[in-house]
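Here is a guided walk through one protein model. Keep the sequence and the 3D view side by side as you read.

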Amino acid sequence: MNKSLTIIILLIAMISYGQNKKKPTLGLLSFESLNIDNYAEAEFLTETVKEIFVASKRFKPLDRSLYAETSIFTEIEVQKNINFINGHIVKQGKLDGAKFLVGGKLTSVGYKQGGNGEYNCTINFSISIIDIETGETMDTKTFSKMADITPDGLDKTSAMANEIKTFRKKIQNFIINYSPYEVEIHKIKKVGRNGEIIIIAGKEEGIAKGNRFAIYEVTDVNGKLLKEEITQFNINELKGDFSSGKIKRKDIDNLIDLFEDPDVNLSCESIPSKSII
């Protein structure tokens, strides 16, 4: 084969592969503050959630900063126009194929100045994951300080930032574990008396050892999708752009039959770890 033609074919294949690995989109709503005076804290929470989703490598957050209609607002104007902004994100999310929304409410913020002049911040908020088509809340969690262990800040802004940082790991665990993330199954095979599954997702998609997935049989029933769980597995090895896990002995034969049946639709989705918070 002509060398130049070979190079062109390889480039096309690489481009196609990159397109197939397109990250799923999520609609990132602006946090709503119950007290408009706390607009800066609400903005900080919104940006924190966005950073966590970007760092996860699994999703492409869709927020108001991408659109002229909603990127023009100052922080306090965001709260005054919260319904318009979030409504626009919902609309764009549907157009861009987003399956769910992430947003939240900032319920209270309090500051206390110590004898050394530094501030301590107490903040309470909730985060919700919402089905973009039905508007149904899939999961929600409230976050509040459990003990007075937050480092003080030289001013209110740094105190607030320090307080939110203490929640970062819990926020990450919640939104990453409870956000639907579907992967493609590459292969299912028997290994001895047990089984192995290989999925097309690796480190670049934020996959790590110990991540849990479930496999469902998906059936269309009068236009509605019925999902029936077949089995669950943990990721135990990363192989570049692929990851693998062990399938239970009692499930492997049935799972291989379903996987090889062209009339059966299987879905492999991330599920919460047994202990995430």
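Predicted model: local features only at pLDDT ≥ 70, side-chain atom pairs only at ≥ 80, totals over all residues.

Residues are numbered from 1 along each chain as its sequence is written, and side-chain values use heavy atoms, with hydrogens and water left out.

Start with the whole. The protein has seven helices and 13 strands. Both are DSSP runs, numbered from the N terminus: helices are H or I with at least four residues, strands are E with at least two. Of its 277 residues, 41% count as buried. Buried means under 20% relative accessible area, exposed over 50%, and partly exposed in between, using a 1.4 Å probe and protein chains only. Now take the contacts between residues at least 6 apart in sequence: 66% of them join residues at least 24 apart. A contact means heavy atoms within 4.5 Å.

Next, look at helix α2, residues 39-56. Its 18 residues should span 26 Å at 1.5 Å a residue, and its end C-alpha atoms are 26 Å apart, which agrees. The expected span is 1.5 Å times one less than the number of residues. Buried residues in α2 include Leu45, Val49, Ile52 and Phe53. Just after the helix, Lys57 takes a positive phi of about 70°.

Now go to the interior. In soluble globular proteins, nonpolar side chains tend to be buried together. Here the largest nonpolar core has 47 residues, and Phe125, Ile127 and Ile215 have the most contacts inside it. Such a core is a set of buried Ala, Val, Leu, Ile, Met, Phe, Trp, Tyr and Cys residues joined through side-chain atoms within 4.5 Å. Helix α6, residues 156-178, gives the most to this core, with eight residues. A second, separate core has ten residues, including Val78, Ile82, Ile89 and Ala98.

Ile215 deserves a look of its own. Not counting residues up to four places away in sequence, Ile215 touches Ile185, Ile197, Phe233, Leu255 and Cys268, among others. Cys268 is buried, at a relative accessible area of 1%. Cys121 is buried as well, with 1%. The structure holds zero disulfides, a disulfide being a pair of cysteine sulfur atoms within 2.5 Å.

Which aromatic rings pair up? A search of the whole structure finds nine aromatic pairs. Rings of Phe, Tyr and Trp (its six-membered ring) pair if their centres lie within 6.5 Å; planes under 30 degrees apart count as stacked, over 60 as edge-to-face, and the rest as tilted. Phe125 and Phe167 have ring centres 5.3 Å apart and planes at 85°, so the pair is edge-to-face. Phe125 lies in strand β5 (residues 119-131) and Phe167 in helix α6, so the pair ties together parts that are 42 residues apart in sequence. Phe125 is buried at 1% relative accessibility, and Phe167 at 6%.

Phe167 also pairs with Phe143, edge-to-face, at 6.3 Å centre to centre and 85° between the planes. Phe143 lies in strand β6, residues 137-144. Its relative accessibility is 2%, so Phe143 counts as buried. Elsewhere, ring pairs link Phe53, Phe59, Phe100 and Tyr181 into a cluster.

Finish with charges over rings. The charged end of Lys141 sits over the ring of Phe143, 5.6 Å from its centre. Lys227 lies over the face of Tyr216, 4.6 Å from the ring centre. The test asks for NZ of Lys or CZ of Arg within 6 Å of the ring centre and within 35 degrees of the ring normal.
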